[in-house]
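Colleague: Please show me the model. I would like to ask about its pockets.

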Protein chains: 2
Amino acid sequence: MIDWNARLSRRAHGQPDLIGGILALAGARDLINFSGGFPDPSLFATDVLGDIARKLIESDAAVALQYSSSEGIASTRAALADLLAGTDGRRPGDDELTVTSGGIDAITLIAKSMLDPGDVVVVEEPSYLGAVSGFVAFDPELRGVPLDDDGLDVDALAALLRTLPSPPKLLYTIPDFQNPSGRTMSAERRGALVELCRRHGILIVEDVAYSQLGFDDAPRPTLWSLGPDVVVQIGTFSKVFLPGVRLGWAVGPAAVIAQLRIAKQNSDQCAGALGQRMLEEYLRAGHLDAHLPRARDLYRRRAATLTDALERHFDGLATWTVPRGGFFSWLRVPGVDTVALAAAARESKVAFVPGAGFFAERRDDEHLRLSYSRISESDIEEGVARLAVAVRAMRERRAS
Amino acid sequence: MIDWNARLSRRAHGQPDLIGGILALAGARDLINFSGGFPDPSLFATDVLGDIARKLIESDAAVALQYSSSEGIASTRAALADLLAGTDGRRPGDDELTVTSGGIDAITLIAKSMLDPGDVVVVEEPSYLGAVSGFVAFDPELRGVPLDDDGLDVDALAALLRTLPSPPKLLYTIPDFQNPSGRTMSAERRGALVELCRRHGILIVEDVAYSQLGFDDAPRPTLWSLGPDVVVQIGTFSKVFLPGVRLGWAVGPAAVIAQLRIAKQNSDQCAGALGQRMLEEYLRAGHLDAHLPRARDLYRRRAATLTDALERHFDGLATWTVPRGGFFSWLRVPGVDTVALAAAARESKVAFVPGAGFFAERRDDEHLRLSYSRISESDIEEGVARLAVAVRAMRERRAS
């Protein structure tokens, strides 16, 4: 027997299976599942997409069922450019935009295009572990910058930059309803961040996964709209359309986008054409505009239910962020190891993601992330109650 | 202005855009296009897939439109395992099989999991440039082994191994109707290759992209069926189902497959669930069994048309391989630089892929690849005639 584990690449050794456990629960039915950034399937546009798919298959097979160009189907890219003109107030040029197979694919293409081993990547502390694992596969040195109520601490970033011998290659940020913390970057910080990174030649990777799911509809300028010369914005349609066709985008400086397209070719050639054309028809018919208010309403209601349940069950046990959009609340449970808590909670048929994996430098075992996006209001209430019982039990065991 | 090109990764510098030009022609309508391994869209099962897609969207949205687990939907994997039991005579265990987003994605996942910079990857000379570019993105040292009429020359491989200080990490081969040469490995060679690689601990990557598209239906044992302990077989559904949903598989030693699943998570999380479920329904209903004879007939007819046209127009100008399956014939045009020929042919509205990009070590400018899979018989005839005119014109220019 050949020992294949001994033949793996160095990057594969000890690469933890961080999100496998989350995705493995994607279809679980027997537990209250606060893990994963899953959209609620009741929001999927099944009423219109069945007909859209059937028509494309029957009348556009030579495009919709064939290979796509690596940058995406031209008509689909035009629809995305129109979308960005609306959300960002700036329509990207044809050489500034490329289609990806979702957000993590965009991270991978950027990392493949930009990172040599040991290059520094700055991430928010905490940050989205799925994205971080995408960067880590290309052997960077990760450095963390703290968040506060106004988002990424730009002064702390400036202080970090003064300690580094050369500028980081990339800075990764989720400015809106951040994963996992739920926090949003202030407008002042956005301008200051773009200015600082422009001065140092640092490519900002702006992840807008949840930006369209704000509960208040207040306009927030995207980093890309402020600095199209220094920002690659990556977006996913998994949260506002559906994850089952793997679609997203990257928009940024033409020289970077050109390289992402080559990286896409040598990674998996292209995003699926059927999904691209389905999305395009969905956008052109105005369905996304009709969908977003419904989605915001549902997630706002669930966030309120979660916050309310936390106030009743976790008073004195934990602190948490109050979501203003997106899918997550971020809890700190002082004195509790949340990895151990996750195991205990699974006994009570409750799942969540422990916080440790979200930290790049400063490991912290007292945090956890709750996603309320795919759980009914009654299950949110019940799940939080069970979780509080598990926390109290752990504390009592520790005290005894 | 920041010079982003100066900030790219080393692997990105000078990485040629090898297949972008091919994919960019995917939708071209105004030329006779012998480039690309495109299936013929007339074979796409539009008569059944429209209904399959609509039903899945309307009745299975929580699975078909949601995230999938990284290894693929369990019921889809079961259908793939059944398929492999039929084609390969061996049903993989649950830990031996994972779903990918097509063949190049599988290459990338293997390279990411196995390759450190400088590791040796052995490829056939010539080999499929799309796969080779997937390996090259992870900085290996490529070594070529020649092909003859019985496929990869195993004695030449053994001789190469004796010159290397340590065994290669990977050997990549397309045993059936090889891309680009059209050649097929003999049964004796298959056994010898598995034995040699097992002895040296070399992981064989067996690409079966065209294996179901043989014109004679003669059984050929797959390398994986001969050596499931030492072979990762990768397959794609782009050639026999459709490319528009990006689906393939990898089947091999459990330790390798486990790592590919982690690599999938940190690359793009999962293959699209809608495509997985569409494929599963298509397979379960027996549509693939009905499709394959029709596909073989069409491609056999086109291959015969191509061979016939070559005999009439290229006698004395070139030599070529006679396809026994798959999509390609491989021409040698002595004294002609086929990169320059490609530019001349485009003037006559004919496209093909020059051979130089298919060679890992021994650059050769006199070869070219013709794909007949997506061209009508009359256009094949016309395209070969135009190409012969272009070759004669180049030769005359050179002689004068």
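Modeller: First, a definition. On a 1 Å grid over the protein atoms alone, a cavity is a set of points where a 1.4 Å probe fits but cannot get out; a pocket is an open set with protein on both sides within 12 Å along at least five of seven lines; lining residues have an atom within 4 Å of a point. This is a predicted model: local features need pLDDT of at least 70, side-chain atom pairs count only at pLDDT 80 or more, while totals for chains, interfaces and linings use all residues. Residues are numbered from 1 along each chain as its sequence is written, chains are lettered from A in the order in which they are written, and side-chain values use heavy atoms, without hydrogens and water.

Colleague: What makes B:T87 a residue of the second largest pocket's lining?

Modeller: B:T87 has an atom within 4 Å of a point of that pocket, so it counts as lining. The lining has 26 residues, and B:T87, B:S211, B:Q212, B:R220 and B:R296 lie nearest the centre. α4(B) gives the most, five residues. Helices (H or I, at least four residues) are DSSP runs, numbered from the N terminus.

Colleague: How do you know the volume of the largest pocket?

Modeller: Grid points are joined across faces, edges and corners, and a volume is the space filled by probe spheres set on the points. For the largest pocket that gives about 610 Å³.

Colleague: Which residues lie nearest the centre of the largest pocket?

Modeller: A:G86, A:T87, A:Q212, A:L292 and A:R296, out of 31 lining residues. α4(A) supplies the largest share, seven.

Methods. Helix = DSSP H or I, 4+ residues; strand = E, 2+ residues; numbered from the N terminus.
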